[in-house]
Amino acid sequence: MTSQSSCGWFNFNRARPFIGVVFMQVGFAGMDVLCKAALNKGMSNYVLVVYRHAVATIVMAPFAAILDKKIRPKMTLAIFTKLMLLGLLEPVIDQNLYFIGMKYTTATFAAAMYNVLPAITFLMAWIVRLEKVNLKSIRSQAKLFGTLATVAGAMIMTLVKGPIIELFWTKAAAANHGGQGSNGTTIHNSIKGALMITAGCFSWSAFIILQAITMKTYPAELSLTVWICFLGTVEGTVAALIMERGKASIWSINWDAKLMAAVYSGVVCSGLAYYIQGVVMKDRGPVFVAAFSPLCMVIVAIMSSFILAEQMFLGRVIGAIVVVAGLYLVVWGKSKDHKLSSPKIDEQISPAEQTKDAGSNATENFGHDVMKIDV
């Protein structure tokens, strides 16, 4: 009974990182659909970002104050500088670029473009030596080829449309938009949106890497989340006042899709997502977290086709298949790395080393005994 229960607990521990990242991607998918609806109603992306992180700060702060009381390290200038940079990279730069890119395209397209995130994160982690790569190793080759596949798939989804895949619940939307497809999105807008989303990907990847580095000196995940959300609110407010100057009316919000988007994205996609991301990165690293981003695309495509009546194109489906294949290779390579980097405690010291240590200890003890006899 004991062995069975411990085995079940061990399996749950192994599954927790996967459950965490899947929950994040489901949350991001819901955010994409809700925020696209809010943006379509005229909400400013800069205001949405501010409200989102204000909500996240209010919700997460009480938990951080209570649960991190004993483990919260002392704040230093170096840590605070990293926190300010974290609050700028993702809450302000990445999210605003992402939402602007979404305005030019669709929720499905924006989620699809973010499939380059694993590739960019992998390269950044390799540069700063958070990710080990041995070109002669099969697992490293799988990670490299998988990374290239995600980029290739994202490019296919961006540049290749192909024929429309007719779904009976999106035919009415196509007729209303005069057959333009994809809610009026043109190739010009697709490229413009793709460039902005790609720039946001670089900022998001830098955020993931910096978060992994910051947690080494500030390992309180809840407090770190609150600091990022609070500083993101402050810095986002400054950006909104500059970019939307003279437009006081944009700050008004009612009980509609705008408020729902701000609350949902704040609680689920900032507060909980930053925290889960930090916990998972401690165990599996930043590349593992980023590798699951293509899952969001699949969920968004399904949800937005029903809720927003966005149309599907054959080129994007082909690109999605390439991306998912690349994701599998990356996850397979990371799983092999994790097995090799986390051996059992009893196996961390080889039998040869144990024999060598035992021999050296015996020699030392024998020497001490001889000295005692001589004295």
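Me: In which helix of the protein is confidence lowest, and in which is it highest?
Reply: This is a predicted model, with a mean pLDDT of 79 for the protein and 80% of its residues at 70 or more. Confidence is lowest in helix α14, residues 351-374, where the mean is 46. At the other end of the range, confidence is highest, at 96, in residues 221-243, which form helix α9.

Me: What is the geometry of the ring pair formed by F80 and W227?
Reply: The structure holds 10 aromatic pairs. In the pair of F80 and W227 the ring centres are 5.8 Å apart and the planes stand at 85°, and because planes over 60 degrees apart count as edge-to-face, the arrangement of F80 and W227 is edge-to-face.

Me: How many residues apart in sequence are the parts that the pair of F80 and W227 ties together?
Reply: F80 is partly exposed, with a relative accessible area of 27%, and W227 is likewise partly exposed, at 27%. F80 belongs to helix α3, residues 77-104, whereas W227 belongs to helix α9, so the pair ties together parts whose separation in sequence is 147 residues.

Me: Are W204 and F207 buried or exposed?
Reply: The rings of W204 and F207 form a stacked aromatic pair, with 5.4 Å from centre to centre and 10° between the planes. Both residues lie in helix α8 and, being 3 residues apart there, they are separated by about one helical turn. As for their accessibility, W204 and F207 are each buried.

Me: Which helices each supply at least two residues of the nonpolar patch?
Reply: The patch lies on the surface and consists of V151, M155, L159, V160, I187, I191 and L195, which together have about 600 Å² of accessible area. One of these residues, L159, is found in helix α6. The helices that each supply at least two patch residues are α6 (138-159) and α8 (187-214).

Me: What share of the accessible surface of the protein belongs to carbon and sulfur atoms?
Reply: Of the 375 residues in the protein, 47% are buried. The accessible surface comes to about 19,000 Å², and the share that belongs to carbon and sulfur atoms is 70%.

Methods:
Residues are numbered from 1 along each chain as its sequence is written. This is a predicted model: local features need pLDDT of at least 70, side-chain atom pairs count only at pLDDT 80 or more; totals for chains, interfaces and linings use all residues. Side-chain values use heavy atoms; hydrogens and water are left out. Patches are made of residues with over 30% relative accessible area and no salt bridge: like charges are joined within 9 Å, nonpolar side chains (Val, Leu, Ile, Met, Phe, Trp, Tyr) within 5 Å. Accessible areas come from the Shrake-Rupley method with a 1.4 Å probe; for residues, only the protein chains shown count as cover. A salt bridge is a side-chain nitrogen of Lys or Arg within 4 Å of a carboxyl oxygen of Asp or Glu. Helices (H or I, at least four residues) and strands (E, at least two) are DSSP runs, numbered from the N terminus. pLDDT is the predictor's confidence in each residue, from 0 to 100. Buried means under 20% relative accessible area, exposed over 50%, partly exposed in between (1.4 Å probe, protein chains only). Rings of Phe, Tyr and Trp (its six-membered ring) pair if their centres lie within 6.5 Å; planes under 30 degrees apart count as stacked, over 60 as edge-to-face and the rest as tilted.
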